[in-house]
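Me: Let's go through this model by question and answer. Keep it brisk.

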Amino acid sequence: MYLHVGNHKNIRERDIIGIFDTDMSTLSPITRKFLSAAQKRGAVTSAKDEIPKSFVLYRENGEIKVCFSQISTSALASRKEY
């Protein structure tokens, strides 16, 4: 199954590592450093050009990637099948 994260972007559910709230998680300097490093290596995408509410950490072709989404973490989690 796939998780729709916005603007026609879908991520395979089995590849998802975590779904994180942007406001809460970016308070940590460790998270900000991780996101900065991911952006420098080209592993960050955005589902839309709006201000992101969440980001999804996932694995694609053996590489860890980040996708920012304008959809809240609770809405994304409710879309995910368990």
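**Salt bridges, sheet and loop**

Reply: Arginine 41 is partly exposed, because its relative accessibility is 42%; buried means under 20% relative accessible area, exposed over 50%, partly exposed in between (1.4 Å probe, protein chains only). The model is predicted: local features need pLDDT of at least 70, side-chain atom pairs count only at pLDDT 80 or more, and totals for chains, interfaces and linings use all residues. Residues are numbered from 1 along each chain as its sequence is written, and side-chain values use heavy atoms, with hydrogens and water left out.

Me: Which residue forms a salt bridge with arginine 41?

Reply: A salt bridge is a side-chain nitrogen of Lys or Arg within 4 Å of a carboxyl oxygen of Asp or Glu. Here the closest N and O atoms are 3.9 Å apart, and the partner of arginine 41 is glutamate 63.

Me: Where do glutamate 63 and arginine 41 lie, and how many residues apart?

Reply: Helices (H or I, at least four residues) and strands (E, at least two) are DSSP runs, numbered from the N terminus. Glutamate 63 is in strand β6 and arginine 41 in the loop between α2 and β4, so the pair links distant parts of the chain, 22 residues apart.

Me: Is lysine 65 buried or exposed?

Reply: Lysine 65 meets glutamate 60 in a salt bridge at 3.1 Å, N to O. Glutamate 60 is partly exposed at 31% relative accessibility. Lysine 65 has 17%, so it counts as buried.

Me: What is the strand order of the open sheet of four strands?

Reply: Two strands pair if DSSP finds at least two bridges between them. The edge strands, β3 (16-21) and β4 (44-46), each pair on one side only. β3 and β5 pair in the antiparallel sense over five bridges. Pairing in the sheet is mixed, and the order is β3-β5-β6-β4.

Me: What is the phi of histidine 8?

Reply: Most residues other than glycine have a negative phi. Histidine 8 lies in the loop between β1 and β2 and is exposed, with a relative accessible area of 75%. Although it is not a glycine, histidine 8 has a positive phi of about 65 degrees.
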